[in-house]
Amino acid sequence: MSRDRGPRRPRRLGKCAFISASVTTLSVTASGCVVVHGEREVLPATTRAEAAKVLQEFTSAYNAADKAYDASLDAEHTTGALAAIDSARLKAGRANNPDGNASHTPLELTDAEFTIPKKAGWPRWFVADAEGNKGGDARWVLVFTRDGLEETWQAAYLTLVAPDRMPEFKTDPDGWAEAVPANSTDLAVAPADLSKDYTTYLKDGGKTFADGAHTSSWRELREKRSTRPGLVTQYIDEPLTNGDYAPLALRTKDGGALVFFTTRHFEKQTAAQGASVPTPNKDVLALTDGEIKQSLTMEFVSNEVALDPADGSGGGSGDSPGDSSGDGQVSVLGRVQGLTSAKGE
């Protein structure tokens, strides 16, 4: 195994020097200061040694927060969809268990593999894929991002994926992966459009996404729940694509991409006249504003990971790692969803 040597921390050269990851393009300002445009250089996001340290630090913070039900303990290590889901979970846990999580079992992540793209500009990011002691046989797949050298690496996405569904990634001779631009046109769906297309599919169906637990089966389940006697359940799905919720994509060996993206979902339960909404559990109640009289609206944030085949590839059987299911269809491999708020009326 080759050893990765990351860039050394630059020495402080005074207030006139602005140093990024490497010295590539120099320009002289009116003040005579030299400005370093390292953001234009194509560089690995990090080293494998640093990535392993980042995963360890995240796990320690995650465990501390879970044990105490204290969102402040891992707030610096999460962002985006994971932060929204995790902070709400901890808020509810704290409200119902002020003394902490009596059933806490530390998360252990082993056999970690790191896929690190080589790219220019910020944010820089990488994927950690590890075996966990929770979630059965599924692999824990996390995406860590940061917006500058002095920023803390934060986990933006966390999904669980069956080991045989993880794809092979395209890498260069040094083992660095390729980040796919959000507006890429060489895929079945541009990563920037996946969140919107997914929410449209959940409402109207269609052929963009292959059948599976997070697509056709989820639509069928929601259809059954929407027609229960005495209770009407309505669903509204919204894309989340900006800022810390922006999609991130890695090129797979077959020319497609593994894409991480985020969506928001609302579920409104309205009881018939003279009936009442089923009493939610205590964690839902802890996140609920207002009094539940005849309706309850719950808001969820969901982060997904999908195989997006190359445009015109025709897809594959989906039985082998890296294959996409169906005829050029997007296959959703994993989805983690969490309640973030609720309102009673």
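Q: Does F261 count as buried or exposed at its relative accessibility?
A: This is a predicted model, in which local features need pLDDT of at least 70 and side-chain atom pairs count only at pLDDT 80 or more, while totals for chains, interfaces and linings use all residues. Residues are numbered from 1 along each chain as its sequence is written, and side-chain values use heavy atoms, with hydrogens and water left out. Relative accessible area, taken with a 1.4 Å probe and protein chains only, makes a residue buried under 20%, exposed over 50% and partly exposed in between. Because its relative accessibility is 1%, F261 counts as buried.

Q: How far apart in sequence are the parts that the pair of Y157 and F260 ties together?
A: The structure holds nine aromatic pairs, a pair being rings of Phe, Tyr or Trp (its six-membered ring) with centres within 6.5 Å, where planes under 30 degrees apart are stacked, over 60 edge-to-face and the rest tilted. Y157 and F260 form a tilted one, 5.9 Å from centre to centre with 40 degrees between the planes. Y157 lies in strand β8 and F260 in strand β11, strands being DSSP runs (E, at least two residues) and helices likewise (H or I, at least four), numbered from the N terminus. The pair therefore ties together parts whose separation in sequence is 103 residues.

Q: Which kind of aromatic pair do Y198 and F261 form?
A: Y198, in helix α3, and F261, in strand β11, are 63 residues apart, so that the pair links distant parts of the chain. Y198 is itself buried, at 0% relative accessibility. The ring centres lie 5.6 Å apart and the planes stand at 80 degrees, so the pair is edge-to-face.

Q: Which residue is the bridge partner of V301 in β14?
A: Strand β13 (residues 295-308) has 13 of its 14 residues buried, so it is largely enclosed by the rest of the structure. Two strands pair if DSSP finds at least two bridges between them; β13 pairs in the antiparallel sense with β11 over 14 bridges, and with β14 (residues 331-344), also antiparallel, over 12 bridges. In β14, V301 has as its bridge partner G338.

Q: Over which ring does the charged end of R335 sit?
A: A charge sits over a ring if NZ of Lys or CZ of Arg is within 6 Å of the ring centre and within 35 degrees of the ring normal. R219 lies over the face of Y201, at 5.7 Å from the ring centre. The charged end of R335 sits 3.7 Å from the centre of its ring, which belongs to W218.

Q: How many residues apart in sequence are the parts tied together by R139 and D111?
A: The count comes to 14 salt bridges, each a side-chain nitrogen of Lys or Arg within 4 Å of a carboxyl oxygen of Asp or Glu. In one of them the side chains of R139 and D111 meet at 3.0 Å, N to O; R139 is buried at 10% relative accessible area, whereas D111 is partly exposed at 47%. With R139 in strand β7 and D111 in strand β4, the pair ties together parts whose separation is 28 residues.
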